[in-house]
Amino acid sequence: MTDVNGLSIGILGGTGDQGKGLARRFALAGHRVLIGSRSAQRAQEAADSIGAGATGDENAAVASQADLVIVAVPYEGHKALLESLRAELAGKIVVDCVNPLGFDKQGAYALPVEEGSAAQQAAAVLTESRVVAAFHHVSAVVLMDPSVEKVDLDVLVLGDDREATGTVQALAEAIPGVRGVYGGRLRNAHQVEALTANIISVNRRYKAHAGLRITDI
């Protein structure tokens, strides 16, 4: 397993539920965590609420300073944000966990993406970055719950760069209870992102915070 000790992690959209939850878990695991937002003040407030040495700043500053960057912004602003950060993210592993979803009276459903998926959109924009798809199905409620010491979950990791996917698998396993599982090439990210709509439906029906486990490995 790849050694990720000492890796600093930037989270774009770290003031949202999922981004803040991931930030909290990685900070508790001993990583230097930088939370990004359009507002440096909001980012610092989110970092202060997490503690464990997390800091906050504007998205561009976080993208520049972090060794690895996780994209956890709403899909509506996904492409525009990445286009604005091409230079800052060049040469870095960029982990996209964005789920393009719509909601109506019948619940959640997957939105079409011209490039095929949010992760493929990120790769099309960030041609000088190493884009990996991961962390799509992690419950923000579970991540933020101090009573949950171990997160019962496998994280599917997809990408075309073997070293980059190995790094992200190891990073996932910094969260106690989590396994990072290779899930295929980036072209397969669409169904992983879309599956989030099914998991939301499970959670609503059973009043749960469901996750995935892959058997026989």
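In the predicted model, the buried residues of helix H6 are Ala-118, Ala-119, Gln-120, Gln-121, Ala-122 and Val-125. Helix H6 spans residues 118-125, and because 6 of its 8 residues are buried, the helix is largely enclosed by the rest of the structure. The packing partners of these buried residues are helix H4 (78-84), helix H5 (86-89), strand E5 (93-96), strand E8 (130-133) and helix H9 (189-206).

Strand E6 (residues 101-104) pairs with strand E7 (residues 107-110) in the antiparallel sense, over 4 bridges. The two strands form a hairpin, with 2 residues between them. Within this pairing, Phe-103 of the model stands opposite Ala-108 in E7.

The largest cavity has a volume of about 50 Å³. Its lining consists of Phe-135, His-136, His-137, Val-138, Leu-153, Asp-154, Val-155, Leu-156 and Val-192. Strand E9 (residues 153-159) gives the most to this lining, with 4 residues. By class, the lining of the largest cavity has 6 nonpolar, 2 polar and 1 charged residues.

The second largest cavity holds about 40 Å³ of space. Pro-100, Ala-110, Leu-111, His-190, Glu-193 and Ala-194 form the lining of this second cavity. Here H9 gives the most, with 3 residues. The lining of the second largest cavity divides into 4 nonpolar, 1 polar and 1 charged residues.

Open space is described by the largest pocket, which has a volume of about 1000 Å³. This pocket is lined by 36 residues, of which Asp-17, Gln-18, Ala-72, Val-73 and Pro-74 lie nearest its centre. Two or more residues of the lining come from each of helix H1 (17-28), strand E2 (33-37), E6, helix H7 (140-144) and H9. The largest share, 5 residues, is given by H9. By class, the lining of the largest pocket has 15 nonpolar, 16 polar and 5 charged residues.

Helix H9 is one of the elements against which the buried residues of H6 pack, gives the most to the lining of the second largest cavity, and provides the largest share of the lining of the largest pocket. Strand E6, which pairs with E7, is also among the elements that give two or more residues to the lining of the largest pocket.

Technical notes
Residues are numbered from 1 along each chain as its sequence is written. This is a predicted model: local features need pLDDT of at least 70, side-chain atom pairs count only at pLDDT 80 or more; totals for chains, interfaces and linings use all residues. Side-chain values use heavy atoms; hydrogens and water are left out. Two strands pair if DSSP finds at least two bridges between them. Buried means under 20% relative accessible area, exposed over 50%, partly exposed in between (1.4 Å probe, protein chains only). Contact means heavy atoms within 4.5 Å. On a 1 Å grid over the protein atoms alone, a cavity is a set of points where a 1.4 Å probe fits but cannot get out, and a pocket is an open set with protein on both sides within 12 Å along at least five of seven lines; lining residues have an atom within 4 Å of a point. Grid points are joined across faces, edges and corners, and a volume is the space filled by probe spheres set on the points. Ala, Val, Leu, Ile, Met, Phe, Trp, Tyr, Cys and Pro count as nonpolar, Asp, Glu, Lys and Arg as charged, and the others, Gly among them, as polar.
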